[in-house]
Amino acid sequence: MSMVLIAVDSYAQNVYSSEPVQWVGRPNGYSTTPYNSDYRTTVYRKLSTTTANPADGRGQWSTTINVQNAGGDIAPDNMPGGGGAGWLLISGPLSNRFQNKWNFNGIGQGALNAYNDVVLQLGGQDMGLNMGTSGYYHFNFRDAGYVNSNFFVGYTLNAPVTCNYSSLSYNSITHNAQLSVSTSATPSSGEGVFVRYRVGTNDFTASTSVVEATGSGTSWTATIPAQTCSTTVYFYVFTSTRSLAQLNTDSEQNRFLAALRYDDNSGNNYSYTNIPITATCSGTNVTCLGGINGSASVNSSGGTSAYSYLWNNGNTNVFIHRNGTSYVNSNVQWCQCFMQRW
């Protein structure tokens with residue numbers, strides 16, 4: 001029995017859709033018999049597909065293998081690699097599923113929760129991997145066509161959780177956007193919930209940032225820092241066994257590959273716009289001038305002249321500058337009126 005990844009969507013890809021990429025190895029006797037309708041026979045996937053048919057590695061073949069002493073897909077096996085002692089990624093017509101093989105350039109063991117480079121070759125040795133611990137091993141193979149590529153394998157003790165973006169709120173003091181994310185179950189240890197975003201452009205091939213959600217059980221909150229007024233932020237949510245520190249050093253291409261499960265709004269991504277408002281404070285209209293910090297002219301309480309003041313992210317005190325002297329405005333309601341600029 002083998003793990004087969006069947007393309008069922010209409011996106012174009014490099015590996016021929018009628019020749020699915022398959023996981024075969026020592027634990028399943030290198031069998032190419034598919035799982036048919038079993039959920040482990042997953043779809044060819046693309047994350048964040050607002051750019052048509054991208055060539056940056058967003059197209060992937062993906063499957064999850066349940067390793068258990070009994071009742072799983074395969075039994076635990078610490079594979080050293082080499083002929084008959086490892087596993088392969090293969091693709092080819094029904095008459096020869098082994099026509100194309102991806103493996104290491106030599107004998108070795110792959111790394112868990114990391115990226116592994118593979119070469120396309122007709123011969124070569126099987127890849128090693130320590131799958132000797134019970135749990136779930138999630139494989140993402142980058143579809144670069146019938147050429148050299150790479151894969152990510154993430155390990156979780158329990159089945160990888162699904163994640164869904166649910167709602168957004170704003171912090172009126174810090175101006176941060178707070179995103180609520182739900183998961184199908186409590187994530188395994190080492191399985192994090194993340195939000196990847198880009199400001200101003202709905203294209204995730206460059207200049208993206210990642211934040212990690214905090215929470216417990218099935219309820220999580222991720223915070224995106226305050227942005228310049230009138231800008232739009234695009235984002236999607238995902239789970240991964242990479243840490244935030246690792247994701248922050250990963251390439252844009254590998255950030256796609258590291259996602260176990262994701263919600264990208266069916267390829268469109270989610271978005272919100274940081275819209276400034278005009279508020280009336282102490283009889284004077286005050287408008288957000290952009291950014292986290294800035295200045296504006298207002299009428300101070302009890303005065304008739306306009307003075308300039310500065311505000312800072314998270315600072316609920318307003319300092320009135322008058323003849324070189326700073327005064328703290330004690331009118332909290334007036335202060336909050338301006339601070340709530342979302």
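Trp-87 is buried, with a relative accessible area of 0%. Buried here means under 20% relative accessible area, exposed means over 50%, and partly exposed lies in between (1.4 Å probe, protein chains only). The model is predicted: local features need pLDDT of at least 70, side-chain atom pairs count only at pLDDT 80 or more, and totals for chains, interfaces and linings use all residues. Residues are numbered from 1 along each chain as its sequence is written, and side-chain values use heavy atoms, with hydrogens and water left out.

A search of the whole structure finds 16 aromatic pairs. Rings of Phe, Tyr and Trp (its six-membered ring) pair if their centres lie within 6.5 Å. Planes under 30 degrees apart count as stacked, over 60 as edge-to-face, and the rest as tilted. Trp-87 and Phe-139 form an edge-to-face pair, at 5.1 Å centre to centre and 65° between the planes. This pair links distant parts of the chain, with Trp-87 in strand β6 and Phe-139 in strand β10, 52 residues apart. Strands are DSSP runs (E, at least two residues), numbered from the N terminus. Phe-139 counts as buried, at 5% relative accessibility. A stacked pair is formed by Phe-194 and Phe-238, with 5.4 Å between the centres and 25° between the planes. Again distant parts of the chain are linked: Phe-194 is in strand β14 and Phe-238 in strand β18, 44 residues apart. Phe-194 is buried, with a relative accessible area of 1%. Phe-238 is buried too, at 1% relative accessibility. One aromatic cluster is formed by Trp-23, Trp-87, Phe-104, Phe-139 and Phe-151.

In soluble globular proteins, nonpolar side chains tend to be buried together. A nonpolar core is a set of buried Ala, Val, Leu, Ile, Met, Phe, Trp, Tyr and Cys residues joined through side-chain atoms within 4.5 Å. The largest such core has 23 residues. Those that touch the most other members are Trp-23, Trp-87, Met-131, Phe-139, Phe-141 and Phe-151. At least two residues of this core come from each of β2 (21-25), β4 (59-67), β6 (87-91), β9 (129-131), β10 (135-142) and β11 (149-156). Another core, of 18 residues, lies apart from it and includes Ala-177, Leu-179, Val-211 and Val-233. Contact means heavy atoms within 4.5 Å. Leaving aside neighbours within four places in sequence, Phe-141 is in contact with residues including Val-21, Trp-61, Leu-89, Trp-102, Phe-151 and Leu-257.

Asn-116 is found in strand β8 (residues 114-121). Asn-116 is buried, with a relative accessible area of 8%. Its side chain reaches the backbone nitrogen of Ala-111 at 2.8 Å. A polar contact is a pair of N or O atoms within 3.5 Å; within protein, one must be able to donate a hydrogen and the other to accept it, and residues adjacent in sequence count only if both atoms are side-chain atoms. Neighbours within four places in sequence aside, Asn-116 also has contacts with Phe-104, Gly-110, Ser-149 and Phe-151, among others.

Strand β14 is mostly covered, as 7 of its 8 residues are buried. Two strands pair if DSSP finds at least two bridges between them. Strand β14 is joined to β18 (residues 232-240) by 8 bridges, and the two run antiparallel. In β18, Phe-235 is the bridge partner of Tyr-197. Strands β14 and β15 also run antiparallel, joined by 4 bridges. Here the partner of Phe-194 is Glu-212 in β15.

An open sheet is formed by 4 strands in the order β12-β13-β17-β16, with antiparallel pairing. Its edge strands, β12 (163-170) and β16 (214-216), each pair on one side only. Strand β16 is joined to β17 (residues 219-224) by 3 bridges, and these strands run antiparallel. Gly-215 stands opposite Trp-220 in β17.

Most residues other than glycine have a negative phi. Ser-207 has a positive phi of about 60° although it is not a glycine. Ser-207 lies in the loop between β14 (192-199) and β15 (209-212), and counts as exposed at 54% relative accessibility. Ser-266 has a positive phi of about 55° and is likewise not a glycine. Its place is in the loop between β19 (262-263) and β20 (270-273). Ser-266 counts as exposed, at 66% relative accessibility.
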